[in-house]
Amino acid sequence: LVPSPRERKSLAEALAHEFVARSRLRKSTTGPLTDAIEPEEWADLSDQDPDDKRKTVNDLSNLSLGRPFRPVDETREVVHKGMLWKLNNNGDITNKTHFLQRDFWINAHGALAYFSHKEQKMLAMIDHGQMAGATITRLEGAARSPAFKVTVHLLHDETAVTDHIFACESEEDLGGWVEALQRARLEMMRTMHLGSQMAKDLNHFKLEVKNRRKAAGLTEDSEGYKSVVQSKLQKVVTNGSRMHPSDWRERDMWLSKNGCLVYWSRREEKELVYYTLSDLEVAVVTPIANEESFYPWTFQVQLAERSGLEFAPGEFAAESEEMRDRWIASFQRFKKIPE
């Protein structure tokens, strides 16, 4: 291991080495790439001028692959966690709809990770190597605020950088995140310099992820999103308690024909999918005794654990016992029967 992240070769540079290039590597059928790289593109670069070689390496590294590849986060120890608004790739900071709310955490290895609803995986957005050279600054003028920017270097080149832009719910959250990121950055700089061994992973990862909403993308022709059952439901807020009256919010919700739990978001002013069909196929839906909740006719939706990730249960209250029974029966329609 080369101690300094700035002196290490990038993956593209390693693959361009003549020993590897002559192996005629092909795209893996299980890899994250979306465009095939033909063998002739990985030509022997040993006879090229150094500047031409660097250009070829960068060209191969910057193929149009959509969202940048992000490694799976397998670390089980979390040092800081919370919710952040993340600006989409190539998004407009002055457009509020270009920010998506996600659960993020900084793991013991110094990486900033999050749960990808699309891939149903824990992914590292900024790995520990990038964190060592990251710059964290406050950002003004964003549609969501307070906001901050994390600038990281690519290919260990001072001129090749990318910005990750985030927004918090409060100044207190901003201070906590900036402090935690700075602490992770300094720790990674020390680790890279000393070459010390990283901390071992914990056996069980108990990060609770609750905010996994995505836009429903409804249109007049979206037959699959029409309701099987629909009513107003009381819902416990993220990190709230069902025993506290201030932790409940009323929402218009419905269970769609395609097996999604959908609701109207007043904040986003659009329909959002709260749970997908794949969520509900393996979810456990149970009624809660009236004395164990502030609202009567409460029920709980517990998603199955995935890749060691434990989801906080969703808790809802119907308008009557009859309506609660109807909701629970409708959820059961989409439950997958074990083979």
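**Entry 1**

I started with Asp 103, which is buried at a relative accessible area of 7%. I take buried as under 20% relative accessible area, exposed as over 50%, and partly exposed as in between, with a 1.4 Å probe and protein chains only. This is a predicted model, so I use local features only at pLDDT of at least 70 and side-chain atom pairs only at pLDDT 80 or more, while totals for chains, interfaces and linings use all residues. Residues are numbered from 1 along each chain as its sequence is written, and side-chain values use heavy atoms, with hydrogens and water left out.

Asp 103 lies in strand β2. Helices (H or I, at least four residues) and strands (E, at least two) are DSSP runs, numbered from the N terminus. I then asked why β2 is largely enclosed by the rest of the structure. Eight of the nine residues of β2 (residues 99-107) are buried, so the strand is largely enclosed.

I looked at the partners of β2 next. I call two strands paired if DSSP finds at least two bridges between them. Strand β1 (residues 78-87) pairs with β2 in the antiparallel sense, over nine bridges. Leu 84 stands opposite Arg 102 in that pairing.

**Entry 2: Thr 151**

I moved to Thr 151, in strand β6 (residues 147-154). Is Thr 151 buried or exposed? Its relative accessibility is 16%, so it counts as buried. Its side chain makes a polar contact of 2.6 Å with the side chain of Asp 163. A polar contact is a pair of N or O atoms within 3.5 Å; within protein, one must be able to donate a hydrogen and the other to accept it, and residues adjacent in sequence count only if both atoms are side-chain atoms.

I listed what Thr 151 touches, leaving out residues up to four places away in sequence: Gly 133, Ala 134, Thr 135, Val 161, Thr 162 and Asp 163. Contact means heavy atoms within 4.5 Å.

**Entry 3: the cores**

Which residues touch the most other members of the largest nonpolar core? I found Leu 261, Phe 299, Val 301, Phe 316, Trp 327 and Phe 331, in a core of 27 residues. The elements giving two or more residues to this core are β3, β10 (227-236), β11 (248-256), β12 (261-265), β13 (270-275), β15 (298-302) and α7 (321-332). The largest share, four residues, comes from α7. A second, separate core has 23 residues, including Leu 84, Phe 104, Phe 148 and Cys 168. A nonpolar core is a set of buried Ala, Val, Leu, Ile, Met, Phe, Trp, Tyr and Cys residues joined through side-chain atoms within 4.5 Å.

Beyond four places in sequence, Trp 327 touches residues including Val 229, Leu 233, Met 253, Leu 261 and Phe 299.

Ser 330 is also in helix α7. At 7% relative accessibility, Ser 330 counts as buried. A polar atom of its side chain lies 2.9 Å from the backbone oxygen of Arg 326. Outside four places in sequence, Ser 330 is in contact with Val 228, Val 229 and Leu 255.

**Entry 4**

β15 is mostly covered, with four of its five residues buried. Strand β14 (residues 284-288) runs antiparallel to β15, joined by five bridges. Val 285 stands opposite Val 301 in β15. β15 also pairs antiparallel with strand β17 (residues 314-317), over four bridges. There, Glu 315 in β17 is the bridge partner of Gln 300.

I checked confidence last. pLDDT is the predictor's confidence in each residue, from 0 to 100. The chain's mean pLDDT is 76, and 65% of its residues reach 70 or more. Among the elements, β15 has the highest mean pLDDT (96) and helix α3 (residues 50-61) the lowest (47). Residues 53-66 stay under 50. Residues 193-208 are also below 50. Where pLDDT is low, the predicted coordinates should not be read in detail.
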